[in-house]
Amino acid sequence: MDNTDCILCREPVTNPVCHACLADAVAQWIAEEAPERIEAFWRETHALDGADGVRCVHCAKPVGVCTYCYTRTIFNWLRDGDLQLSFVDYFNFDFYRDRPYQDRFE
Ligand SMILES: [Zn+2]
Ligand SMILES: [Zn+2]
């Protein structure tokens with residue numbers, strides 16, 4: 001039986017899009033915002049490869065981490081308040097449902 005849980009948060013993956021497919025969109029953003037970090041970005045992304053799980057609806061590769069954990073991983077990796085705000089804004093992520101995310105940078 002397929003393991004359908006995210007390897008990071010252990011929640012079932014309900015939106016099976018793999019991190020490699022998500023990374024294509026993020027890479028375009030990084031190429032504009034911080035092109036010098038694009039190689040490090042791909043290293044960070046591929047560090048999540050190799051897990052088994054449900055199949056990605058786009059490319060049929062196994063989905064090891066959920067959308068939320070992947071975006072949170074990249075968010076943390078950015079380690080730059082301006083970039084992080086831009087990232088959240090651009091991708092419209094709701095990391096902090098219970099409070100405005102601006103609070104995180106004060
Ligand atoms: Zn997760
Ligand atoms: Zn995929």
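This is a predicted model: local features need pLDDT of at least 70, side-chain atom pairs count only at pLDDT 80 or more; totals for chains, interfaces and linings use all residues.
Me: How confident is the predictor in the protein chain?
Reply: pLDDT is the predictor's confidence in each residue, from 0 to 100. The mean for the protein chain is 85, and 84% of its residues reach 70 or more. Over residues 97-106 the pLDDT is below 50. That stretch has six contacts in the model beyond near neighbours in sequence. Contact means that the C-beta atoms of two residues, placed from the backbone, lie within 7 Å.

Me: What secondary structure does the protein chain have?
Reply: Four helices and zero strands. Helices (H or I, at least four residues) and strands (E, at least two) are DSSP runs, numbered from the N terminus. Along the sequence the pattern is α-α-α-α.

Me: How do you know that the span of α1 agrees with its number of residues?
Reply: The expected span is 1.5 Å times one less than the number of residues. Helix α1 (residues 19-33) has 15 residues, so it should span 21 Å. Its end C-alpha atoms are 20 Å apart, which agrees.

Me: Where does α1 bend, and by how much?
Reply: At A25, by about 30 degrees. The bend is the angle between axes fitted to the seven residues ending there and the seven starting there.

Me: Which residues of α1 are called buried, and what covers them?
Reply: H19, L22 and I30 are buried. A residue is buried if 20 or more other C-beta atoms lie within 10 Å of its own, exposed if 12 or fewer, and partly exposed in between, with C-beta atoms placed from the backbone. The cover over the buried residues of α1 includes α2 (38-46) and α3 (67-78). Across the protein chain's 106 residues, 15% are buried.

Me: Why are the buried residues of α3 placed on the same side of the helix?
Reply: The buried residues of α3 are Y70, I74 and L78. They cover an arc of only 80 degrees around the axis, so they sit on the same side of α3. The arc is that of the directions from the helix axis to the C-beta atoms. Their cover includes α1, α2 and α4. Helix α3 has twelve residues and reaches 17 Å from first C-alpha to last, close to the 16 Å expected. Just after α3, R79 takes a positive phi of about 50 degrees.

Me: What makes up the largest nonpolar core?
Reply: Eleven residues: C6, V13, C18, L22, V63, V65, C66, Y70, I74, L78 and F87. Helix α3 gives the most to this core, with three residues. A nonpolar core is a set of buried Ala, Val, Leu, Ile, Met, Phe, Trp, Tyr and Cys residues joined through C-beta atoms within 7 Å. Leaving aside neighbours within four places in sequence, C66 is in contact with C6, C9, E11 and V13.

Me: Why is R10 called exposed?
Reply: R10 has 9 C-beta neighbours inside 10 Å, so it counts as exposed. R10 is in the segment before α1. Its phi is near 65 degrees, a positive value in a residue other than glycine.

Me: Why does A60 count as exposed?
Reply: A60 has 10 C-beta neighbours inside 10 Å, and therefore counts as exposed. A60 is in the loop between α2 and α3. Its phi is near 70 degrees, again positive in a residue other than glycine.

Me: Why is D49 called partly exposed?
Reply: D49 has 13 C-beta neighbours inside 10 Å, so it falls in the partly exposed class. D49 lies in the loop between α2 and α3.

Me: What makes Y68 partly exposed?
Reply: Y68 has 18 other C-beta atoms within 10 Å, so Y68 is partly exposed. Y68 lies in helix α3. Y68 and V13 are 55 residues apart in sequence, yet 9.6 Å apart in space, C-alpha to C-alpha.

Technical notes:
Residues are numbered from 1 along each chain as its sequence is written. Chains are lettered from A and ligands numbered from 1 in the order in which they are written.
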